[in-house]
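Reader: Hi! Could you walk me through this one while I have it open on my screen?

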Amino acid sequence: MMSSNSANNLLDEALGFNDECGGGGGGLLLLIEDRVETSGAFILHHLIKRRLSSPNRPNDVVVFLSFAHPFSHYDRILRKMGCNLGVQKENKRFVYYDMLNLNYPDGEKGAEDLLLSVYGKIQKTVELCSSREGYKNSTIMIDDISLMEVALCGSSNLVLDFLHYCYSLATQFDCLVIILNHEDVYSTVDVPSPLLQMEYLANIVIKAEPLATGLATDVHGQLTVLNKGICQGSGCSKSKIRNFHFRVKENCVEYFYPGSRT
Amino acid sequence: MAANKPRTSSFSRNVGVVPTSQVPGLKHGPNGTVFLSSGIADLDKILGGGFCLGSLVIIMEDPDAPHHMLLLRNFMSQGLVHKQPLFYASPAKEPRGFLGTLPNPVSLKDDKSREHDTEQEKTLRIAWQYKKYFEDQNLDSQKDGKVEYCSDFDLRRPLDRHALSGQCIDCVSLQDCPNLATLYDRCSTFLAQIPRFDGNITLAGRISIQSFSAPQCHFSDKEWDMLSFIRSLKSLVRSSNAVAAMTFPPSLVSPTVLKRWQHLADTLLSVRAVPDEDKDLAKLLTGYQDMLGLLNVHKVARINTQVPVILEATTYSMKLHKRRSLVLECLNQAPVDGSSGTSHATSGSCSVSSKTGALDF
């Protein structure tokens, strides 16, 4: 049984992130998919902590676009995990954009303007950070894409455009883009859904699902990590799929292979 | 004297002058949250204390039965008993009429006879249901005249006039809203009057929206507008000392919008009718004849925490205790006739037959 406090837990191994490489490698898109029964938000929290806590990357910045929760929510959660977002925010290492209290949207034109203004803010932040000494990577996180779609009046085209902009920004400035979306929203849609396009674009897809046997108090669900292969120092690794279970606690998450938890 | 000096330390806690526990109708929850009561004691217990301030509660209706109204009535009455401002919106032309159907708390003189009966009933409950929940029944109620956190409502008696007069109650007919921006503005104006001080909550408000996507509403076919409203309402409520409870008929929205709606909810419940005279169900469950309906708890609000709530059971039967108070009970399988051969004895998580696939013991 491994906790996220140790250097290598099953999730980090599956992601292929390690401190030397930094996990950025010329722009990466990581897509987290969850469902009503099983939230994948804990993966975002884990990644925030990883990106802010690495001693080898003291100047890295996390740009966080929140449509789901106010800052206080993440602050409390991360504090229990040993990461003080308030301090990181003051040090400009955690840049939080509150997208909850937007003006009531006024149609497609309003949506497009909103999109441009949001992207502009992110671009400026990333450019500013990249000019700092010792900069290695930025991380752009969006919680979550389906709420962004609602804020943009249902225009999935605008959302995809936004992702493409972020992805090119990521490639240019060596960023990691992490987005959370809900798989079950799109599973009832017949036409090729935006989610399929996101899955195609993503380098890593993490799916959080309930167990086939239903909910349980000691196993909260299962993760399936599809890593399409990132280039590490010694060359490119092949596409890998890993599946394991997890249990979410206040201060960490336990990841373990089925049946191996004592 | 040192004993009279206030204790100072470098650690500062964000505690208000008036402890929230002394404000009637509010109590502290874990992780810095504050709860208010749903008006149904059993539901408060299932949810870990009540509805969390700042959360959006969504109740999926069953077109075959109006049980969601029972939940709303208790929710609204509880707020009025605690003098919490109330905003109510419904598709009816005259929503104020609904206030006349809100239940009154069981009066004190009924309490004395109730206590005596409860004592007797306790022994019966131990014998037949092996449950210990009744031990916690009176934890929150106090006999010295203080207002209870969760009242015991008598659904047969309407709320006293004095509970309604002088209260801040805002009623809106959804038919009068030409678009959802109007409704949003009304909610925003309502919430603006509830003071928002992080450390010192003195008052909480309740928003109750009934049958949101009902066909009478002008916007019922505008799915993205409705989602947009819900998202905006959720954000409004999150930054205020209020709880919003909304009911809607899931069969009237498309599946993908339904999923988005479910994701938007902090707490997600659904009510279902129990078919009359279903012989198979009657054999399967004890107390089937007394059931009004079923309540499912799909999701519990996770504010300021990442740990999910895993309930022992997610389906509860809705019954009337003494024909007046709404209670929720875990489903219990009836003792099985040994000759049938294929069932499991305990109320675990195994499903017995395909007919009961939707029930979760």
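Author: Happy to; here is a chat about the two chains, their interface and a few local spots. This is a predicted model, in which local features need pLDDT of at least 70 and side-chain atom pairs count only at pLDDT 80 or more, while totals for chains, interfaces and linings use all residues. Residues are numbered from 1 along each chain as its sequence is written, chains are lettered from A and ligands numbered from 1 in the order in which they are written, and side-chain values use heavy atoms, with hydrogens and water left out.

Reader: Great. How many helices and strands are there in chain A?

Author: Chain A has nine helices and 12 strands. Helices (H or I, at least four residues) and strands (E, at least two) are DSSP runs, numbered from the N terminus. Of the 262 residues in chain A, 55% are buried, meaning under 20% relative accessible area, where exposed is over 50% and partly exposed lies in between (1.4 Å probe, protein chains only).

Reader: And chain B?

Author: Chain B comes to eight helices and 14 strands, and 52% of its 361 residues are buried. Among contacts in chain B with a separation of 6 or more, 75% are between residues 24 or more positions apart; contact means heavy atoms within 4.5 Å.

Reader: Now the interface. What area is buried between chain A and chain B?

Author: About 3000 Å², with carbon and sulfur atoms giving 59% of it. That is the accessible area (1.4 Å probe) that the two parts lose on being put together, summed over both. In residues, 44 of chain A are in contact with 33 of chain B.

Reader: Which elements of chain A touch chain B?

Author: Those giving two or more residues to that side are α2 (41–53), α3 (71–80), α6 (145–151) and α8 (183–186) of chain A.

Reader: What does β3(A) pair with?

Author: β3(A) runs parallel to strand β5 (residues 138–143) of chain A, joined by six bridges, and pairs in the parallel sense with strand β4 (residues 94–98) over five bridges. Two strands pair if DSSP finds at least two bridges between them. A:Phe64 has A:Met141 as its bridge partner in β5(A) and stands opposite A:Tyr96 in β4(A).

Reader: Last one: where does B:Val147 lie?

Author: B:Val147 is in the loop between α3 (108–129) and β7 (153–158) of chain B, and is partly exposed, at 45% relative accessible area. Leaving aside neighbours within four places in sequence, B:Val147 is in contact with B:Pro24, B:Val81 and B:His82.
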